[in-house]
Amino acid sequence: MNAVLLILPLFLIRFGLLGIINKEALKRAAFFAPVEGREKIAFYAYEISNAVLILYPLALQIHMQTLLYDAGLFVYAAGVGVLIVSTVCFAKPGQSGINTNGIYRISRNPMYLGYFLYFAGCVMLTRSLLLLFSLLVFQLSAHWIILSEERWCIRRFGREYEQYMLEVRRYI
């Protein structure tokens, strides 16, 4: 089975679901906080790894008769679930503009967690070492992107975001 099927939910959730719930949220989701210094390198690594994670599966097959298949399917489904829940919550921020509802009470960055699970499932289902390497680059660079987002949020929301940071973990 072609792995292109693995990528379809990503677009349906990221653009379809988010656009249906809140078109303004689509603009917010496309926004990148300003990066500084070495974060610029992380930004480019993030963009390249994203391209590989999304495009390379077009050339891959899902290996259904392997030990990793069931585990991969579980991790992939968990990633899809986290992405759906975090997307719905992202579309409906609080009055101040900070997302503190739903899953954002548990993690300040549930979408990144969802993306990691989602792509980890893709790696397991395709058994691709290049996809695994891209996922590792993605995750390392995403951390630097998150740091720039946190800095931007502190500047924009001030003490309210700093308090949120004290109450809710960065990942899980």
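Select helix H3 (residues 39-55) and colour Glu39, Ala42, Tyr46, Ser49, Asn50 and Leu53, which are buried. Buried means under 20% relative accessible area, exposed over 50%, and partly exposed in between (1.4 Å probe, protein chains only). Helices are DSSP runs (H or I, at least four residues), numbered from the N terminus. Seen down the axis of H3, the buried residues fall within an arc of 110°, so they line one face of the helix; the arc is that of the directions from the helix axis to the C-beta atoms. On the other side of H3, Ile41, Tyr44, Ile48 and Leu55 are exposed.

This is a predicted model, in which local features need pLDDT of at least 70 and side-chain atom pairs count only at pLDDT 80 or more, while totals for chains, interfaces and linings use all residues. Residues are numbered from 1 along each chain as its sequence is written, and side-chain values use heavy atoms, with hydrogens and water left out.

Next, show what covers the buried residues of H3: the cover includes helix H1 (4-21), helix H5 (110-126) and helix H6 (129-157). Contact here means heavy atoms within 4.5 Å.

Now select Val88 in helix H4 (residues 68-90). Val88 counts as partly exposed, at 28% relative accessibility. Leaving aside residues up to four places away in sequence, Val88 touches Leu17 and Ile21.

How many salt bridges does a search of the whole structure find? The search finds seven, a salt bridge being a side-chain nitrogen of Lys or Arg within 4 Å of a carboxyl oxygen of Asp or Glu.

- Select Lys27 and Glu24, whose side chains meet in a salt bridge (3.4 Å, N to O). Both residues lie in helix H2 (residues 23-30), three residues apart, about one turn of the helix.
- Select Arg151 and Glu36, joined by a salt bridge (3.5 Å, N to O). Arg151 lies in helix H6 and Glu36 in the loop between H2 and H3, so the pair ties together parts that are 115 residues apart in sequence.
- Select Glu150 and Arg170, which form a salt bridge (2.9 Å, N to O). Glu150 is buried, with a relative accessible area of 5%, whereas Arg170 is partly exposed at 26%.

Methods: Helices (H or I, at least four residues) and strands (E, at least two) are DSSP runs, numbered from the N terminus. The expected span of a helix is 1.5 Å times one less than its number of residues.
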